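Subject: Structure handover, with notes

Hello,

I am passing on the structure below, together with some notes to read beside it. Please keep it open while you go through them.

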Amino acid sequence: MAYHCTLHSRTYRFNDLKALLAKASPFRSGDALAGIAASNYEERIAAQMTLADVPLKTFLTDAIIPYEQDEVTRLIIDSHDAVAFGPISSFTVGELRDWLLSDAATVFTLRELANGLTPEMVAAVSKLMRNQDLINVASKCEVVTKFRNTLGLKGRFSTRLQPNHPTDDIKGIAASIVDGLLYASGDAVIGINPATDNIGIATDLLHLIDDLRSKYSMPAQSCVLSHVTSTIQMINNGAPVDLVFQSIGGTEQTNKSFGVSLSILQEAYEAALSLNRGTVGNNVMYFETGQGSSLSANAHNGVDQQTCEARAYAVAKKFNPLIINSVVGFIGPEYLFDGKQIIRAALEDHFCAKLLGLPMGMDVCYTNHAEADQDDMDNLLVLLGVAGCNYVIGVPGSDDIMLNYQSTSFHDALFLRKQLGLCPAPEFEQWLITQGILNESGQLQEANASHRLLSF
């Protein structure tokens, strides 16, 4: 179906819904690289005006990647909840935007609506929104998940403690973990990116975290971010696996480039559940995504990168993850050129995932060849905090020496909690108080040389 819009006596034509979504996207370098971005600002506005009038029902019948060709499309269509969609089934994209910004959209109504929305619907409505609109709506969403602690509650803000090391040195990683814990970091997960996908090394790292957790009765979960097939093998070998990690994308071909499929993820999900290691819940999956991954793999099928990203959330949602995050600035300036594009993309990703009912966090990050700096990340961190982001990444000194990119530090999370009056996950907060890391008022306490954690 073709679409068109006339502005100032000029008619803009869009060949199909896929093209319309791409032209309506706020400008980013990845879409320009793919040759699908609007040619100028006026064409982008024409596309947004046209998109605003598209009925939401259209997204259920006009698949941007054919049903027969893509298992992610099949998942989206087959899992759609027509009953949940009912209250907004007569809306256009523009009317959905207006409703989301109204007082009728509450924590409860948004939770009830989540299964009635498709990724393409939420991607479309995000393209019509200002940054403050994305923050407004996302802040009304509450997505709670549980494993050894409870994540996503209102008034709470968590962190992934990321103690990476360029040679997977056990002592170096242990030092970074203890450092992070003494700064009240790690309630979302203690998650290590191994330098290599060596199962023996990954297993040693899992035992390192599990020994620390057991020794200090820590209500937290661990993850070594190996490929999902390696994690399945570690589970079969009896390793202490808490969470199963995998990078995912929004098309079948993207996931093939990662070496995964829905069936492989299902196998991993069932394997992790069988271990029954959670104490307060059984959300066992951890997914990472990022705008540009499909384009970088030449697997975007002509779909703009933000819509591809939203489609990845359908994959994540199928497996009830404990956490998911976009590594928003990690893929590089070819896809998100500068701080402005990174900030916009992060707010879009957080909004879309939360609206679909996912426990979204964010790696507030950039690479050193992007036109961005730590001031941009400070701005984004605060915006995400106001938007109700579930968690961010904590890296020693904000500089990941293994992955060679810039993220946020343990201190940054402390800053945000203090400025916005936020607390760690409740079970983890009580543990921090017991360990003398926080006092009863939530203030960080100075750790002296005799602190228990330093004897690990």
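A residue is called buried when its relative accessible area is under 20%, exposed when that area is over 50%, and partly exposed in between, using a 1.4 Å probe and protein chains only. Helices (H or I, at least four residues) and strands (E, at least two) are DSSP runs, numbered from the N terminus. This is a predicted model, in which local features need pLDDT of at least 70 and side-chain atom pairs count only at pLDDT 80 or more, while totals for chains, interfaces and linings use all residues. Residues are numbered from 1 along each chain as its sequence is written, and side-chain values use heavy atoms, with hydrogens and water left out.

In H13, the buried residues are Val 228, Ser 230, Thr 231, Ile 232, Met 234 and Ile 235. Contact means heavy atoms within 4.5 Å, and the cover over the buried residues of H13 includes H12, strand S8 (244-247) and helix H15 (262-275). After H13 comes Gly 238, which has a positive phi, near 90 degrees.

How do H12 and H13 pack? Helix H12 (residues 199-215) and helix H13 (residues 228-236) pack at an angle of about 65 degrees, and their axes are 10 Å apart. That makes H12 roughly perpendicular to H13. Axes here are lines fitted to C-alpha atoms, for helices over the stretch in contact, and angles run from 0 to 180 degrees between N-to-C directions. Angles under 35 degrees count as roughly parallel, over 145 as roughly antiparallel, 65 to 115 as roughly perpendicular, and the rest as oblique.

H12 passes H13 in a right-handed crossing; a crossing is right-handed if the near helix is turned clockwise from the far one by less than a right angle, and left-handed if anticlockwise. On the H12 side, Ile 199, Ala 202, Thr 203 and Leu 206 meet Ser 230, Gln 233 and Met 234 of H13. By class, this contact of H12 with H13 has four nonpolar, three polar and no charged residues, where Ala, Val, Leu, Ile, Met, Phe, Trp, Tyr, Cys and Pro count as nonpolar, Asp, Glu, Lys and Arg as charged, and the others, Gly among them, as polar.

Helix H9 (residues 119-126) and helix H17 (residues 305-318) pack at an angle of about 140 degrees, with 8 Å between their axes. That makes H9 oblique to H17. H9 passes H17 in a right-handed crossing. The residues that meet are Pro 119, Glu 120, Ala 123 and Ser 126 in H9, and Gln 306, Thr 307, Ala 310, Arg 311 and Ala 314 in H17. The contact of H9 with H17 divides into four nonpolar, three polar and two charged residues.

Arg 311 is also among the contacts of Thr 73, which, leaving aside neighbours within four places in sequence, touches Ala 63, Ile 65, Pro 66 and Tyr 67 as well. Thr 73 is found in helix H5 (residues 71-78), and it counts as buried because its relative accessibility is 2%.

The nonpolar core

A nonpolar core is a set of buried Ala, Val, Leu, Ile, Met, Phe, Trp, Tyr and Cys residues joined through side-chain atoms within 4.5 Å. The largest one has 143 residues, of which Leu 51, Phe 59, Leu 100, Leu 181 and Tyr 286 touch the most other members. Helix H18 (residues 339-355) gives the most to this core, with nine residues. Apart from its neighbours within four places in sequence, Leu 181 is in contact with residues including Leu 161, Ile 190, Leu 212, Phe 428 and Trp 431.

Leu 358 is found in the loop between H18 and strand S11 (360-362), and it is buried, with a relative accessible area of 1%. Although Leu 358 and Lys 317 are 41 residues apart along the chain, their C-alpha atoms are separated by 6.5 Å.

Most residues other than glycine have a negative phi. Ala 184, however, has a positive phi, near 65 degrees, and it lies in the loop between helix H11 (170-182) and strand S6 (189-192). Ala 184 is buried, at 1% relative accessible area. Ser 398 also has a positive phi, of about 70 degrees, without being a glycine; Ser 398 lies in the loop between strand S12 (391-394) and strand S13 (399-400), and is buried at 11%.

Best wishes
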